Every structure is written in structure tokens, then in C-alpha cells.
Amino acid sequence: MEVWGTTNKVTCLVTDGAANMIACGTELRLRHTICIAHTLNLIVKKALELTPVFSDIRTKARKLVGYFRSSTTAKEKLAQVQHDMGRPKLKLLQEVETRWNNTFHMLHRLVDLREPVGAALAGLQTDIPSLTSEEYNTVSGCLSLLSSFNDATVELSAEENVSGSKVVPLLKMLEQMLQEDITNTAAAVAREMGDHLIRQLRERLHTFQSMSIMSLATLLHPRFKVIGFFSSTKATEAIKRLTSECAAVIRSAQTPESDQPSTSQDAQPAARGSFYLVLRSIFIITTLTNMVCVYFSGNKLWRHLDESVMHARRIQSVTADATVEGQRFLSEPNIGRMEDPLLYWEGQKCIYPNLYKLAVGFLCTPASSVPCERVFSKEGEVVSKKRNRLSPNTVEKLLFLNKNE
């Protein structure tokens, strides 16, 4: 951090849940959160393990896909059957054990190619059994549950969009979608898996909305605000936290001349609000009155008490300013889902100057460490045995061009 000049500039450290990563965040005394993509991966994998019937179907499907991927004759037969049916030529996908969404894609492709695979197996001499009609129905019901998790993983692993503020709202919608899908599905195995998914989701992810970094990012997102929280209690806690953070920003920006109205405040009296101006006026008049009283009293006995009273009033004024600014922002209508929150704050930074500083700091938090891992994976592809003479500068330029084209 010292070499790269990022000391005191890190808003949040986002890593996987490994013990060494957690220890790293503790040692550096940084705000630390677990990668949401890794957490969703653990949730789904655990739910799959707790559903033995689905695990057996998954093992059977893995063997079936492995046969079509390893046998040239089976590949050609499947391609020929798809051609005869007038369908596009698609290949079956094999899962990767470490990533649950590969299991989702494998089963999804297998369901799509259900008829061609059955017809191809009928013309091949093999002992590999196909999935039964009941098993296909079970897989379809389970895929309906898992599709929401796949969409959430893709959404939260984005590189070019604000993602940290989406974690709490997406978890809320995941739970709602699971409850609806469980109610609508007819497969008993799918309902069992849905119950395991909801239980794992609540155990692991309800703590996210209690984390300051996530709750403040959600509250400062003009698309979500208080609507994105699971409960009104958590939203109220987040508002109190936001007021405290905003008051800290105001106090840190205060100067000895801060009691005088600034140019930006005079330029936008309507935007600041009449209530805000009344509070400021009362504070200035009261402060000047107390200063005159203390100056002319000449009594040192009351000096410490008078200073304490003035300090308390100053703190109350800062808190009132922070409360007014926060309430005015929260009372405005939410922006549309397709609108850019960063453009919103760029246009509102003069109206909400203190909240703008908080938004810049909190909305930059990524929800996942996947984009960082993609860079390392790409570096592994660039620096290979056939290109082992590349200099570090050349590798850096290649990666920069690859990720910014």
C-alpha cells in the first residue's frame, strides 16, 4: 500500500473468505467484506450437497456429458441428429467442480438438448443411461430455483458498473424469488432444495445489511435508498449511521470561518431549504450572544462551563445539518433502474455536498473480487511456456490493453 500510494485511500478490502485474507484485513485495520460471488458459490454448493436425490441426478448427468465430450463417435452422432432436426449444433458442457454455475450451465444445456441426446444414445452402442422423464422434470424445477442465483452472480461480478450497493437489494430479491418458485414448483426435490437455499441464504447473508460499508452504499444509491433493505429496522439503523458519517464529514470540513455563510450556500438558498437556514441562523445568533456574554462577564469561574455549552450546541448544529441533508436526499423520488447513480451524484454534488463525499467513497466498493481474479487468470494465459521471455513491462502493457480495449 505504501509503494503504490494507497495508504489512507482504501475504502474497503474485498476478498474471499480464506483465513489468510481475513487475517490480512484485520492486520491492516481496513474495512473488510467477503466476496459475494464466493459466498453465493458456497451457499449453492452446500444446498446441492444437502439434496441427495439431486446429487445422484447430477452425477448421472456428469457421466452422460463426459461420454459425449470424450467420444468422437458420440460427438458426430449428436451433431448429425441436431442437423436432421433442424436445430443449431450445440455441444454439451461439462461442469467444473469449484464453480457451481458451471453445474447450472451443464444441466441447462442438457435439458435444452434433451431430445437430440436421447435420439443419439438410441443409435449408439453404449451402456451410459440417459436421464428419465421424471429426472428431467426434477432438473427443470431445480434450474428454475438456481437461475436467480446465476443472474445475481453475473450481476454482482460486473467490472464497469456500481456493484457494492446492489448486494443487499439483490439478496432481498433472491429470497423473494425463492419463496415464489418454491410455491409454484411441483417437484418435491426442487422444494427441498429451495428450503436448503433459503436457510443457507439467511445464515450467511443477512449479516451483509448490518455491515456499515454495504448498508451505507445501499442507502446512498439513489435507485434503492431504504427500499433495498430487508426490514424497516435495518433501514432505520442505516439512516442513523449515515447521519453520523455525514456529521463527521461536516466537522472535518469546518474552519474558524465556517460560521460565516459560504458562497455556495448563498448561491443556492432554495436548494438548502428554509428549515436548514433557520437552524443556521439560530446557531449563529446564539453563538454570538454567548460569546458577548462570556466576554463581558469577566468571570473565570464560569468559563469552562460556558465553553462546554458552546461545544455541545455546535455538535447539535452539525447533527441537525447532517440530519436535514440526509432527510432531503431520502425524501426525493428514486431514480430509474437503468439510470447511472454516478451521473446522478455528479449533478447533485452542489445540493448535497457532504453526502456527495460519502457517495464517492462508498459507491466505489466492489461486490466481488471476481474482476481482480480475471486479471490474474488472463496473466496466466499471457505468460506461458512459449512466451516465458516477456518482460514485466510488456506483460503489464498487454494486460492493460486487454482489459481496457
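**Salt bridges and a helix face in a predicted model**

Modeller: In this predicted model, K60 and E135 join their side chains in a salt bridge, with 3.1 Å from N to O.

Colleague: Why is the contact between K60 and E135 called a salt bridge?

Modeller: The rule asks for a side-chain nitrogen of Lys or Arg within 4 Å of a carboxyl oxygen of Asp or Glu. The N to O distance for K60 and E135 is 3.1 Å, so the pair meets the rule. K60 belongs to helix α3 (residues 52-70) and E135 to helix α7 (residues 133-156), so the bridge ties together parts that are 75 residues apart in sequence.

Colleague: What makes E135 count as buried?

Modeller: Its relative accessible area is 19%, and buried means under 20%. E135 is therefore buried.

Colleague: How do you know that E95 and R62 form a salt bridge, and which parts does the pair tie together?

Modeller: Their side chains meet at 2.4 Å, N to O, and the limit is 4 Å, so the pair qualifies. E95 lies in the loop between α4 (72-84) and α5 (100-112), whereas R62 is in helix α3, so the connected parts are 33 residues apart in sequence.

Colleague: Is E95 buried or partly exposed, and what about R62?

Modeller: E95 has a relative accessible area of 9% and is buried. R62, at 27%, is partly exposed, because that value falls between 20% and 50%.

Colleague: Why are K349 and E346 called partly exposed?

Modeller: K349 has 33% relative accessibility and E346 has 43%. Elsewhere, salt bridges with shared partners join R58, R62 and E95 into one network.

Colleague: How many salt bridges does the rule give?

Modeller: The count comes to 9 salt bridges.

Colleague: Which residues of helix α16 are buried, and why are they said to be on the same side?

Modeller: In α16 (residues 341-348), the buried residues are P341, Y344, W345 and Q348. They cover an arc of only 90° around the axis, which puts them on the same side of α16. L343 and G347 are exposed on the other side.

Terms used. Residues numbered from 1 in each chain as written. Predicted model: local features only at pLDDT ≥ 70, side-chain atom pairs only at ≥ 80, totals over all residues. Heavy atoms only, no water. Buried < 20%, exposed > 50% of the residue type's maximum accessible area, 1.4 Å probe, protein only. Helix = DSSP H or I, 4+ residues; strand = E, 2+ residues; numbered from the N terminus. Arc of directions from axis to C-beta.
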